[in-house]
Amino acid sequence: MDNALMIGLSRQMALRQAMDVVANNIANANTAGFKVESLLVENIAAPTAEQADGPTDLQYVDVWGMGRDFRQGALQATGRTFDVAIEGEGFFAVEVNGAEQYTRDGRFHLDNNGQLAAHDGAPVLDAVSRSPIMLNPSANSTSITETGAVMQDGVEVARLGVFEVANLAGLSKQGSGRYVQTDNADGRNTPEAAFAPTVRQGFVEASNVQPVVEMTDMMTVMRSYQSVSKFIEQTEDINRRAIERLGKV
């Protein structure tokens, strides 16, 4: 395979991954707490195919990571008691298989055991004890203050955990809009409870995806892919004609 085809193929592979990312963004445009993603690419030098003259290396396209925009999405009113949203920075914490995971999705509910749980049943953690929040299902009134205090019949029974993540680049996506801290081998980057969080009861944070922007990006990726495909076809045609001429010599 010659150099032109190798360069075109590397670009096509990156564009296919970019299309998957854009499609995933569009699919999650209505997912609470979802953060828009983008593919991170770079040029990478590599040796050329066997040749008598020309450049000694070429620049190929390499996918090296995923970027996430953690800017806040719009807060949408639901009026439900256990729906909460964070205004500003921070993440809620839930327990999954004994480990903490972090999310901006505040669609919580009270399960059959009296635990405050995420939409899929994962226990929501307290800010102080970092343990599941237990509530009284028979309480006459339940409210959540702006600081995250969970009040039942006028008494604080728990404090909803809002945790600050110092290095957002160290978060690894786990699915269901959740993340784990991956750069915490020495325990120094463990997310800590926010000093003065702002929590809105009866709201959920919408996705920060902008569908019009994503549709524009999708069309751009499609055009780029078509352009690279045409380039590869032309290169193959040149190679074919060169071989035909050599065969006549």
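Biologist: Which helix gives the most residues to the lining of the largest pocket?
Modeller: Bear in mind that this is a predicted model. The elements that each put two or more residues into that lining are helix 1 (3-27), strand 1 (37-47) and helix 2 (211-248). The top contributor, with seven residues, is helix 1.

Biologist: OK, and which class of residue has eight members in the lining of the largest pocket?
Modeller: The pocket holds about 260 Å³ of space, and 16 residues line it, with Ala-18, Val-22, Ser-38, Leu-39 and Val-221 nearest the centre. Four of the lining residues are polar and four are charged. The class with eight is nonpolar.

Biologist: How many charged residues are in the lining of the second largest pocket?
Modeller: That pocket has a volume of about 220 Å³. Its lining includes Lys-35, Arg-71, Glu-89, Arg-104 and Glu-164, along with Phe-70 and Phe-91 among others. By class there are four nonpolar and three polar residues, and the charged count is five.

Biologist: Are the rings of Phe-70 and Phe-91 stacked or edge-to-face?
Modeller: Their centres sit 5.9 Å apart. Planes over 60 degrees apart count as edge-to-face. The planes here are at 80°, so the pair is edge-to-face.

Biologist: Is Phe-91 buried or exposed?
Modeller: The cut-off for buried is under 20% relative accessible area. Phe-91 has 4% relative accessibility, so call it buried.

Technical notes: Residues numbered from 1 in each chain as written. Predicted model: local features only at pLDDT ≥ 70, side-chain atom pairs only at ≥ 80, totals over all residues. Heavy atoms only, no water. 1 Å grid on protein atoms, 1.4 Å probe; cavity = no way out; pocket = protein on both sides within 12 Å on 5 of 7 lines; lining within 4 Å. Points joined across faces, edges and corners; volume = space filled by probe spheres on them. Helix = DSSP H or I, 4+ residues; strand = E, 2+ residues; numbered from the N terminus. Nonpolar A, V, L, I, M, F, W, Y, C, P; charged D, E, K, R; others polar. Phe/Tyr/Trp six-rings, centres within 6.5 Å; stacked < 30°, edge-to-face > 60°. Buried < 20%, exposed > 50% of the residue type's maximum accessible area, 1.4 Å probe, protein only.
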